[in-house]
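Work through the two exercises below with the sequence and the structure at hand, and try each task before you read its solution.

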Amino acid sequence: IVNSTSPKGKLGADESSYKAIPDSDEIHIIEEPKYETTTFHIAGTTFKDGRQYRQAALRMLKFKDEPMDGNILFEFEQYEYEDKPAVKIIANGRVLGTVPADIVDEFIDKMENAEDYDIDYMVIGGNGVSYGCVMTFTWK
C-alpha cells in the first residue's frame, strides 16, 4: 500500500498496473498481479503409446468419456528424445502428446520456477479431422 503522495515514478511500474481504491481521505494503490501465459498446440497427437492411441485419449477428453469424465489430472513427464529434452503431457494416465520441441526448454524452466500455474485446454478436431489440443498455461 502506497500513500497517494508518493511519486509514481518510484514505484517501478506504469499506471495501468495499479488500481486506485478510495479509503476515507487517502487513496491507496494496489498493484494487480501480472501473469505470463504460454499457449501451444500439443505435438505428437497422432502417435501411439504402447497399445494406446493418443487420438483415442483426445477424443475421450473432448467428449468427457471415461476416464476423462471427471476431474482431469495433468502430469508432465520429462525425458530425452534424440539427446534433447522432451516433455510428455498426460491426462488421467493417458498420454495426449508432447510439448513442442521449440518451446520445451522454456516450458521446463517455467515448470521448475513458477510458484503455481493454471491450465486451460481446448480439444479441437473430429468429424474426419485428427484431434488436437491447444493448452494455455498461466504462470504465477
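Two strands count as paired if DSSP finds at least two bridges between them, and strands (E, at least two residues) and helices (H or I, at least four) are DSSP runs numbered from the N terminus. The model is predicted, so local features need pLDDT of at least 70, side-chain atom pairs count only at pLDDT 80 or more, and totals for chains, interfaces and linings use all residues. Residues are numbered from 1 along each chain as its sequence is written, and side-chain values use heavy atoms, with hydrogens and water left out.

**Exercise 1.** Work out which strands stand at the edges of the open sheet of three strands.

*Solution.* Begin with the order, which is 3-10-9 with antiparallel pairing. Strand 3 (36-41) and strand 9 (117-126) each have a single partner strand, so they stand at the edges and one side of each is left without a neighbour in the sheet. Next, look at one pairing in detail: strand 3 and strand 10 (residues 129-139) run antiparallel and are joined by six bridges, and Glu36 has Trp139 of strand 10 as its bridge partner.

**Exercise 2.** Find which residues of helix 2 (residues 104-113) are buried, and where they lie around its axis.

*Solution.* Buried means under 20% relative accessible area, exposed over 50%, and partly exposed in between (1.4 Å probe, protein chains only). By this rule Val104, Phe107, Ile108 and Lys110 are buried.

Methods:
Arc of directions from axis to C-beta.
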